[in-house]
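Open the model in your viewer and keep the sequence panel beside it. The stops below say what to select and what you will find there.

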Amino acid sequence: MQALRGTKDILPDEIIFWQYLYNKATEVLSLSNYSEIRTPILESTSLFQRSIGDGTDIVNKEMYSFIDQGSRNITLRPEGTASIARSFISNKLYQSNQTQRLWYLGPMFRYERPQAGRQRQFHQLGIECIGSPNPMADAEVIRLAHNILKALNCHTYKLELNCIGDLEERNNYKAKLIEYLLPYKQDLDNDSQKRLTINPLRILDSKDQKTQTILMNAPRLTESLTTASIEHFNLVCEYLKNLNIPFNINDQLVRGLDYYNHTAFEIKTDLLGSQDTICGGGRYDKLIKQLGGTDTPAVGWAIGIERLMLIVKNTLPINQQKPLIYLATHGMEAQKKIWEIILILEKEQLTFELDLNNSSLQKQLKRANKSGAILCLILGNNEIEKQTITLKWLYQGLQETIQVANLSKELKKIHILNHNLTIHSN
Ligand code: ATP
Ligand code: MG
């Protein structure tokens with residue numbers, strides 16, 4: 001049996017990187033008063049249709065939707081923002097009158113063609129700053145993406161920024177763009193031809209050369225923006241400059257989700273080939289109202305964890321976890337008594353692995369050597385008779401037998417030894 005196409009098992013030697021990332025994110029985000037939120041993976045299909053938008057790729061062809069046994073239309077969430085907006089409304093988080101600063105990490109589902117950096121079940125780390133129209137909020141969230149990437153040793157990336165205006169400005173622009181593109185319709189790539197009526201703005205980030213050449217003389221989105229939009233955007237740019245966060249303005253950057261307005265941004269890397277976007281985000285001032293909540297401006301982003309992992313994994317200061325102590329027993333009495341030794345180890349907070357194989361001491365010692373432990377504790381009939389225990393220091397090959405009563409004291413050595421070994425192996 002295989003895992004489903006586009007899904008992956010994350011095995012223990014990989015999980016330690018995920019735990020590291022989770023802890024770093026918690027550390028960086030709680031400093032700025034962001035709290036973790038976990039929303040359900042299952043939501044009503046209509047939530048995503050109403051928020052992400054009917055004409056988008058995600059809703060059109062990428063959703064994992066099904067009808068449950070109660071005849072409800074359910075979708076495995078393809079992204080986090082819509083669910084959080086829903087949660088903000090249904091839990092009346094607006095009642096506190098405080099800016100809600102939330103973050104999440106969890107699996108997302110999109111029916112796409114799997115390839116490097118693109119899966120059907122993937123994970124996003126995301127943040128949402130809900131309740132402020134201030135360009136400072138845009139700067140705060142972008143700065144936090146920057147901080148997290150830095151904390152994870154990811155330094156070579158490009159931040160691209162654009163102002164995509166509000167719905168009215170975009171509609172004005174859409175009309176101009178369609179008018180300009182219609183005479184070239186036959187020359188556009190297939191996807192762009194379809195998008196001309198459903199989602200013309202997405203044509204701007206088409207990767208097709210011919211389409212891009214046609215677009216060179218197209219009207220610019222900036223020309224349809226009002227002063228208010230431009231002022232907001234200029235402030236965001238000014239704050240980022242003051243923060244020494246480098247960025248490029250890319251006036252063709254539009255995002256694949258309908259709810260964004262004003263600021264839209266992406267963080268890209270040169271290290272990943274064609275799946276080069278690690279983070280996408282922007283403002284979504286109308287989403288919460290559109291879903292039936294009060295008029296609440298918000299801004300946020302999401303980082304794709306699998307893509308980020310591909311870049312940072314080998315640079316993270318992580319040692320594979322090995323138990324410090326290996327426990328070998330010989331005979332029935334020892335198997336009963338070993339639990340008393342385990343109690344001592346737990347009290348001293350020492351990691352251990354108990355051999356469960358019921359094989360000869362020799363074989364157990366072989367496994368002890370393989371396990372990477374520093375010390376093997378051996379409990380056999382002799383030891384039990386004399387209330388002793390045998391310690392075999394696996395790196396030095398030294399062996400000693402001591403009174404069980406002295407074990408705690410003797411075990412203190414292990415910390416010093418482990419410290420020295422770690423220094424040498426780094
Ligand atoms: P792309 O253009 O690569 O499809 P997107 O615009 O659909 O990305 P968003 O919806 O903005 O992506 O999601 C934010 C981030 O989540 C992306 O930048 C990417 O890192 C990650 N991501 C999106 N889809 C996938 C996927 N199928 N597999 C792995 N990561 C993904
Ligand atoms: Mg996509």
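Which residues of α1 meet which residues of α11? Bear in mind throughout that this is a predicted model.

**Stop 1: α1 and α11**

Select residues 12–31, which make up helix α1, and then residues 305–312 for helix α11. On the α1 side the contact is made by F17, W18 and L21, and on the α11 side by I305, E306, L308 and M309. Sorted by type, the residues of this contact are 6 nonpolar, no polar and 1 charged. The two axes come within 12 Å and cross at roughly 105°. Angles of 65 to 115 degrees count as roughly perpendicular, so α1 and α11 are described as roughly perpendicular to each other.

**Stop 2**

In general, side chains of opposite charge can pair when their charged atoms come close. If you display every such pair, the structure holds 24 salt bridges.

**Stop 2: α1 and α5**

The helices pack at an angle of about 140°, and their axes are 10 Å apart. That angle makes α1 oblique to α5. The crossing is right-handed.

**Stop 3: α5 and α9**

To see the contact, show P135, M136, D138, A139 and I142 from α5 with H232, L235, V236, Y239 and L240 from α9. Of these residues, 8 are nonpolar, 1 is polar and 1 is charged.

**Stop 5**

Move to the strands β2 (42–44), β3 (64–67) and β4 (73–76). In what order do the 3 strands stand in their sheet? The order is β2-β4-β3, in an open sheet with antiparallel pairing. β2 and β3 are at the edges with a single partner strand each, so each has one side without a neighbour in the sheet. From one strand to the next the twist averages 35°. Look next at β3 and β4, which pair in the antiparallel sense over 4 bridges. Within that pairing, Y64 stands opposite L76 in β4.

**Stop 4: the five-stranded sheet**

A second open sheet has 5 strands in the order β13-β12-β14-β15-β16, and its pairing is mixed. Select β13 (352–354) and β16 (398–403) to find the edges: each has a single partner strand, so one side of each is left without a neighbour in the sheet. The twist here averages 25° from one strand to the next. Then select β12 (residues 325–329) and β14 (residues 375–379), which run parallel and are joined by 5 bridges. A328 stands opposite I378 in β14.

Now bring in the helices on this sheet. Helix α12, residues 332–347, lies across β12, β13, β14 and β15 (388–393), and runs at about 160° to β12. Helix α13, residues 361–371, also lies across β12, β13, β14 and β15, with an angle of about 170° to β12.

**Stop 5: T277**

Finish at T277, which is found in strand β10 (residues 277–283). Leaving aside residues up to four places away in sequence, T277 touches E266, I267, K268 and R307. To relate this stop to another part of the chain, draw a C-alpha to C-alpha distance from T277 to T388: the two are 60 Å apart in space and 111 residues apart in sequence.

Key: Residues are numbered from 1 along each chain as its sequence is written. Chains are lettered from A and ligands numbered from 1 in the order in which they are written. This is a predicted model: local features need pLDDT of at least 70, side-chain atom pairs count only at pLDDT 80 or more; totals for chains, interfaces and linings use all residues. Side-chain values use heavy atoms; hydrogens and water are left out. Two strands pair if DSSP finds at least two bridges between them. Helices (H or I, at least four residues) and strands (E, at least two) are DSSP runs, numbered from the N terminus. Axes are lines fitted to C-alpha atoms, for helices over the stretch in contact, and angles run from 0 to 180 degrees between N-to-C directions. Contact means heavy atoms within 4.5 Å. Ala, Val, Leu, Ile, Met, Phe, Trp, Tyr, Cys and Pro count as nonpolar, Asp, Glu, Lys and Arg as charged, and the others, Gly among them, as polar. A salt bridge is a side-chain nitrogen of Lys or Arg within 4 Å of a carboxyl oxygen of Asp or Glu. Angles under 35 degrees count as roughly parallel, over 145 as roughly antiparallel, 65 to 115 as roughly perpendicular and the rest as oblique. A crossing is left-handed if the near helix is turned anticlockwise from the far one by less than a right angle, and right-handed if clockwise.
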